[in-house]
Amino acid sequence: MSTHSTQSRPSAHPEHASHPQQQHPTTERHCDVAVIGGSAAGLAAALQLSRQRRGVVVVDDGTPRNAPAAHMHGYLGHEGVAPGELTEAGREEVRAYGGEVLSGRVLGVHRHGDGRFRLDLTGGHTLVARRVLAATGLSDELPAIDGVAEGWGRGVIHCPFCHGFEARDQRLVQIVAHPLGLHPTPLFRHLTDRLTVVLHNPAGLDEGAVEALAASGVTVERAEAGRVLTGPDGEVSGVELGDGRVLEADAVVVGSRFRARVEVLAGVGLTATAHPTGAGDFLAVDPRGETAVPGIYAAGNVTDPSLQVLPSAAQGSRVGAMIAFSLAEEDLRAAVRHSGEQADWDHRYAGTDRAWSGNPNGTLVHEATALSPGRALDVGTGEGADALWLAEHGWKVTATDISGNALARVRAEADRRGLAVSLVRGDAGDPAPFGTETFDLVSLQYGSFKRTPDQRGLRSLLAAVAPGGTLLVVHHDLSPLRDPVDVAAQTRMYDPAAFVGVDEIAAALTAEPDTWQVEIHETRPRPAGAASTHHVSDVVLRATRRTV
């Protein structure tokens, strides 16, 4: 967002491009659905909801359960890919429909005074949502055996479906540390005939199952495991027992206990439930995925520890659909068609103080001064400083914004100055958002609009430029966003990748050289007059629609 009053659609926000030592301003945003956790379940739900035109914000702290694994198995169509590849593809699919994925961390969830939910984020930021989906997953509690944690997800495995085929015919040593530890043993026995089972903690074990294993030819050691050994290359080489003996191994099997990551939900009274197996806990939900707190849903292995990535995604998709039904039914009863985007921006302009500096953007002033006044369209006008400046300089101005509160400010200031400005409330992604008229100048200053796969908003923007007319786009330089953020201290409150940006607009122009002449596409120092210095550079794009 700009420090000028000229935008309704953020492609970045002041905290995005600040220097590492700068204080980040706190932000409160509003959406239909807040998703906590951006792995398979959370992203699948976000995709469903974004396709239902709901305002969706995913907050992800980058700590998936399967982070140590190099490959993902059993996911039809994605067999063997790295977990991060699936996550990145899922993020891009969500963003293609305008859903946002924020790098950050949720610290707590509380019931808002009006029935919505308030999510407290790192950096002091707040997210207010009508519904919450917890896709927070599980954490594994590993036995306190040296080398187990270090090799977890690589040479130390637990799931025959995730890793079994890769360990086939190898020397496997399975360390049984709790009563359910023998549950996957028959599967591993089928995958290799070189299996040794170490009863590290035999308490509570089914002795009949142990005897059956021994009778089938599996070597059973009744001894404590001292540590997992690795070779010079870091690969597992064996298990040293408490008595000093070493069992050679190519991989080690260890079962974990599991804990549902539900601490952030304590503020609404939700806690984990003991799993019937006794191996951990989970978050209980009904068949629709809703928890005991109405409006809070959950999906993925936080609700069912047995779920691998594929069924987690499937459950997330289904629960996302259930949330969509819930919102649609609520809106039907209220006889409204709610827009999460509109609510977000109406909140931004709901206060009594001016949001931005009140100055027209210096780049607009510089570029438009040389143009002959005609018809101008100011897209995402915000508080209207650019539209008002154009009107003062002889332009016939139409200003659009999704926020009625913003347009009310423009109207009040235009009336005070005695200026004529036509105001249109709507979103660039609406059908025919600018009507059938075309304009001699179309200005998009520090704003953008949500992406859609059919590029409806981008096509409408370009179509609004009359033959011989000028398109002027000014955008924040987003290079600083390539730097990682420490999610323990800060949450990035906007996701530029969910919005149409200047490079995407430039690509559309250059793809039609017979229609467009791109005159400027460059990065410049930000003009003087801004109310802050968070953004130090702008990307400026100016193009003319050819007359023939």
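**Entry 1**

I count two strands as paired if DSSP finds at least two bridges between them. With that criterion I looked up β4 (residues 106-111) and β5 (residues 117-121) in this predicted model: the two strands pair in the antiparallel sense over 5 bridges. I then asked which residue of β5 is the bridge partner of glycine 108. The partner is aspartate 120. The hairpin has 5 residues between its strands, and I noted that glycine 115 takes a positive phi near 100° there.

**Entry 2. The open sheet**

I traced an open sheet of 7 strands, and I recorded its order as β22-β21-β20-β23-β24-β26-β25, with mixed pairing. Its edge strands are β22 and β25 (516-525), each of which pairs on one side only. Ignoring direction, I found neighbouring strands of this sheet turned by 15° against each other on average.

Strand β20 (residues 375-379) and strand β23 (residues 439-445) are parallel partners, joined over 4 bridges. For leucine 377, I found the bridge partner in β23 to be valine 442.

**Entry 3. Helices on the sheet**

Helix α11 does so, touching β21 (396-401) and β22, and its direction makes about 170° with that of β22. Helix α13 (residues 502-510) also packs on the sheet, where I noted contacts with β23, β24 (465-476), β25 and β26 (537-545). The direction of α13 makes about 25° with that of β26.

**Entry 4. Helix α8**

I asked which residues of helix α8 (residues 340-348) are buried. I found Gly340, Glu341, Asp344, Trp345, Asp346 and Arg348 in that class. These buried residues pack against β1 (28-36), α11 (404-417) and β22 (421-425).

**Entry 5. Salt bridges**

My search of the whole structure returned 37 salt bridges. I inspected three of them.

The side chains of arginine 54 and aspartate 331 form a salt bridge at 3.0 Å, N to O. Arginine 54 lies in the loop between α1 (40-51) and β2 (56-60), while aspartate 331 belongs to helix α7 (residues 309-334), so this pair ties together parts that are 277 residues apart in sequence. Are the two residues buried or exposed? Arginine 54 is buried because its relative accessible area is 12%, under the 20% limit. Aspartate 331 counts as buried at 6% relative accessibility. I also found both residues in a network of salt bridges that links Asp32, Arg54, Arg130, Arg131, Glu330 and Asp331.

Glutamate 367 and arginine 524 meet through their side chains in a salt bridge of 3.0 Å, N to O. I located glutamate 367 in helix α9 (residues 362-368) and arginine 524 in strand β25; the pair links distant parts of the chain, 157 residues apart. Both residues are buried.

The last pair I inspected is arginine 288 with aspartate 286, whose side chains meet in a salt bridge (3.0 Å, N to O). I recorded arginine 288 as partly exposed, with a relative accessible area of 40%. Aspartate 286 likewise counts as partly exposed, at 25% relative accessibility.

Key:
Residues are numbered from 1 along each chain as its sequence is written. This is a predicted model: local features need pLDDT of at least 70, side-chain atom pairs count only at pLDDT 80 or more; totals for chains, interfaces and linings use all residues. Side-chain values use heavy atoms; hydrogens and water are left out. Buried means under 20% relative accessible area, exposed over 50%, partly exposed in between (1.4 Å probe, protein chains only). Contact means heavy atoms within 4.5 Å. Axes are lines fitted to C-alpha atoms, for helices over the stretch in contact, and angles run from 0 to 180 degrees between N-to-C directions. A salt bridge is a side-chain nitrogen of Lys or Arg within 4 Å of a carboxyl oxygen of Asp or Glu.
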